[in-house]
Amino acid sequence: MLAESLFFSAVLFTIGVIGVLTRRNAIIIFMCVELMLNAVNLTFVAFAQVYGVAGQVFVFFVMTVAAAEAAVGLAIIIALFRHRQTVNLSNINLLRG
Amino acid sequence: MLIQHAATAGAHPLSGTVADYVWLLPILPLLGFIANGLLSLVASVKFGPDDPSADHNAGSHDAHAGEHGAAVAHGDDHHPVARHPYAFLASLIGPGVLVLTFGLALAMFAAMRGAGGGEMHAAFIQRYFSWMPVGDLQIDVAFQLDQLSMLMVLIISGVGALIHVFSVGYMVDDPGYPRYFAYLNLFVFFMLVLVLGASYPIMFIGWEGVGLCSYLLIGYWFSEKANADAGKKAFIVNRIGDFGFLVAMFMLFANIGALDFAGVNAGAAQLGVGGAVVTAICLFLFLGCAGKSAQIPLYIWLPDAMAGPTPVSALIHAATMVTAGVYLIARSNVLFALAPVASLTVVVVGALTAVFAASIGLKQWDIKKVLAYSTVSQLGYMFMGVGSGAYVAGVFHLMTHAFFKALLFLGSGSVIYAMHAAYHHTGKHDDAQDMRNMGGLKKFMPITWVLMWIATLAISGIPPFAGFFSKDEILAAVHNHGRHGTALDSVTFLGLPGGMIMLFCYVLGLAAAFMTAIYMTRMMLYTFHGPNRTGDKERDHLHEAPWVMTGPLVVLGVLSAVGGWFNLPSFFPAGPGAVLEHWLEPVVGASTARLTGGATTEVAHSTELILVGIAILVAVGGIALAFARLKPDALVPKNDALPEQGFERVLANKYYVDEAYDAAIVNPIVATSRGLLWRGIDVGLIDGLTRLIVQGKDDDNTPGAVPMGGLLTRSIGWVGSQLQSGQVGTYAWVLVVGVLFVLGAFTFR
């Protein structure tokens with residue numbers, strides 16, 4: 001059961017990473033980050049079955065932080081859109097050296 | 001305050017007596033320092049910054065109006081301005097704590113006598129807390145009371161208390177009065193730490209502390225550059241000596257493994273007699289002494305130190321601090337007894353200093369400069385004593401010198417005080433310290449005149465005054481301890497046998513005694529005898545100092561007269577005998593025996609009497625010569641005087657030693673610093689490179705900017721900027737690649 005769970009979470013995490021790396025739409029990148037977080041949560045839960053309840057506790061922390069991050073992140077994206085009328089990150093490169 | 005009484009002192013005869021409060025001796029002056037310092041601070045907050053003699057300068061006579069120009073460091077041209085608001089409190093606290101300290105010291109002395117005095121063989125050591133527990137290096141803050149430190153404490157607190165009282169009269173109208181007493185109290189604190197410390201490092205704290213206070217007090221009237229410069233000179237020259245002290249401590253720890261006196265004395269024997277290590281340790285210690293006690297070649301700071309207030313010259317630069325070197329050698333007698341070569345060096349340097357400084361003293365016109373060179377010369381005597389193994393004689397001369405030289409300085413302070421008051425009344429601008437402006441003062445200040453004659457006879461070595469006994473003992477020791485068969489005779493020095501060197505030093509000592517008698521008589525004749533040269537209007541305002549100043553003078557006069565009775569020679573028919581020698585026997589007796597061992601130094605009474613006769617003859621001869629040759633009637637005031645000619649000019653200019661040091665050491669250092677280190681390395685190399693590397697065309701208006709400067713910096717910066725694409729995707733890629741790389745490194749290592 002552990003192996004399957006870990007394999008599944010690895011697949012989810014990889015999908016998330018590839019999404020972050022390849023997509024240019026800020027909202028989709030944002031969702032991919034959430035996907036990576038939840039892949040990690042799955043790992044925690046899976047290990048909690050073997051090593052005790054600490055993993056499950058961690059999941060709550062991750063979910064809390066993820067919720068906060070979602071609120072801040074979405075707010076930034078909305079502000080960005082209002083300012084530039086786009087959420088395509090290729091067009092946003094103010095920090096170029 | 002962390003004070004724990006150590007159990008080790010439990011068995012000592014002094015424990016349980018008043019000696020348990022030995023820590024109180026230095027703490028009392030420290031409290032005085034804090035109180036006076038607070039008075040000074042509070043006053044400057046409440047009434048505005050009083051002090052720095054800004055007023056003093058505005059209304060001051062220009063003491064530099066003379067042919068010597070601004071190079072002459074003159075203190076003492078203080079003038080009544082507004083009295084300090086807390087002057088009364090400071091007058092109570094400053095001398096008060098010293099009187100208490102002296103009382104406590106007397107009580108301890110009584111306890112010590114009760115506990116056996118001269119029979120007490122182990123020092124009474126009180127450990128308070130651990131200061132440096134570093135591996136093998138264990139340094140405790142501990143005080144040690146033995147016969148030697150007891151004597152020093154009595155001298156310091158006794159003479160110190162008298163000088164503090166004198167200061168009340170001398171300094172009370174100074175705008176920085178509490179600051180003066182704060183420094184003076186702090187000095188006594190450090191001086192007591194110096195003599196009470198039970199180990200070299202604790203002693204070194206006091207050693208450095210008195211140096212600091214000396215610096216602060218020499219430059220007390222710091223608004224005049226010459227005074228501040230004199231302070232700096234004293235400080236820097238003393239650092240050279242302190243280097244020697246430090247190296248000696250390092251070598252002691254490396255070779256013996258202990259730094260407390262008990263440990264060093266116990267372990268010294270393993271260094272061997274005449275060994276290279278112990279000789280080097282002693283020579284480095286003596287370098288420290290030469291700095292602090294103004295011996296050749298480091299004596300140059302002491303005459304300049306006369307820029308400080310005159311009571312400071314009496315306390316610090318005559319009676320106590322400058323004798324710290326003599327105390328250090330007496331304290332390290334076990335080491336010096338093991339190193340005859342080093343001891344012989346001490347004798348030679350002391351003898352040369354005694355003659356050299358005395359000859360300069362012959363032609364000085366500034367009354368304090370005469371006394372300053374006299375002090376250097378007398379310190380040379382003390383070193384001749386302790387160097388030749390006559391530790392008792394050296395310390396005895398330290399004591400009598402503290403009496404008569406403090407008296408001479410305070411007496412000159414009275415004279416300067418009177419001269420100033422006179423000049424101040426008429427508003428005349430002249431040098432109040434130049435003897436050519438004095439003359440005939442015995443009419444106006446009879447008490448000072450009599451007392452200073454007592455001190456003059458004492459320092460010249462006329463019996464039965466104090467200086468005769470101590471000086472005679474030193475000369476006898478230098479004469480006798482180099483006789484055939486002694487340790488000092490067995491070594492060679494510069495290819496000559498030690499005995500011959502000692503005999504030569506004895507002759508030098510006699511020459512110095514002869515010159516001492518001359519220059520002291522000269523000083524008395526020019527100051528107190530002959531016609532008065534102060535000025536017709538000023539003459540009416542010359543008068544004796546108030547009782548608060550003459551009182552301490554009288555006490556010191558009595559001590560200068562009878563101080564010699566503390567240690568009478570064996571041939572003396574009556575009196576208490578060699579009290580001091582018996583008292584110090586447990587501390588230094590074995591070392592004296594070791595240095596003079598191998599031959600009987602007990603010389604026949606006839607020889608002894610002949611030596612005494614020679615000494616008296618020399619002293620009387622010097623005084624008689626001065627009376628016969630010097631004509632105070634022919635002197636003219638300073639401003640009308642012609643410059644000296646020939647060798648007299650060389651003496652008046654102190655053999656041009658300061659000029660030689662300037663040419664050989666100071667100027668090359670300044671020139672190197674300015675030309676090479678500043679213009680060359682700092683401005684040329686470092687600033688030039690900086691311009692080449694960082695300044696670009698934007699900074700071209702900067703003076704000295706390089707046209708193409710900054711090219712390298714800009715190029716590197718451009719490469720770095722290309723990494724910043726601003727694309728979040730690129731950053732994410734870099735991040736992921738980095739994570740994979742780290743994971744890979746952990747997995748496949």
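The model is predicted. Start with helix 16 of chain B, which spans residues 391-426. Two of its contacts are set out here.

| Helix pair in chain B | Axes come within | Crossing angle |
|---|---|---|
| Helix 15 (residues 367-387) and helix 16 | 9 Å | roughly 175° |
| Helix 16 and helix 21 (residues 547-562) | 9 Å | roughly 150° |

Angles over 145 degrees count as roughly antiparallel. Helix 15 of chain B is therefore roughly antiparallel to helix 16 of chain B. Helix 16 of chain B is likewise roughly antiparallel to helix 21 of chain B. Helix 16 of chain B passes helix 21 of chain B in a left-handed crossing.

Which residues touch? From helix 16 of chain B, the contact with helix 21 of chain B includes Phe403(B), Leu407(B) and Gly411(B). Helix 21 of chain B answers with residues including Met549(B), Pro552(B) and Leu556(B). This contact has 10 nonpolar and four polar residues, but no charged ones.

Now take the contact of helix 15 of chain B with helix 16 of chain B. Helix 15 of chain B brings Ile367(B), Lys368(B) and Leu371(B), among others. Helix 16 of chain B brings residues including His397(B), Leu398(B) and Lys405(B). The contact divides into 11 nonpolar, seven polar and two charged residues.

Finally, the chains. In all, 12 residues of chain B are in contact with 10 residues of chain A. Helix 26 (711-722) and helix 27 (728-747) of chain B each give two or more residues to this side. Helix 27 of chain B gives the most, with five residues. By class, the chain B side has five nonpolar, seven polar and no charged residues.

Note on methods. Residues are numbered from 1 along each chain as its sequence is written. Chains are lettered from A and ligands numbered from 1 in the order in which they are written. This is a predicted model: local features need pLDDT of at least 70, side-chain atom pairs count only at pLDDT 80 or more; totals for chains, interfaces and linings use all residues. Axes are lines fitted to C-alpha atoms, for helices over the stretch in contact, and angles run from 0 to 180 degrees between N-to-C directions. Helices (H or I, at least four residues) and strands (E, at least two) are DSSP runs, numbered from the N terminus. Angles under 35 degrees count as roughly parallel, over 145 as roughly antiparallel, 65 to 115 as roughly perpendicular and the rest as oblique. A crossing is left-handed if the near helix is turned anticlockwise from the far one by less than a right angle, and right-handed if clockwise. Two residues are in contact if their C-beta atoms, placed from the backbone, lie within 7 Å. Ala, Val, Leu, Ile, Met, Phe, Trp, Tyr, Cys and Pro count as nonpolar, Asp, Glu, Lys and Arg as charged, and the others, Gly among them, as polar.
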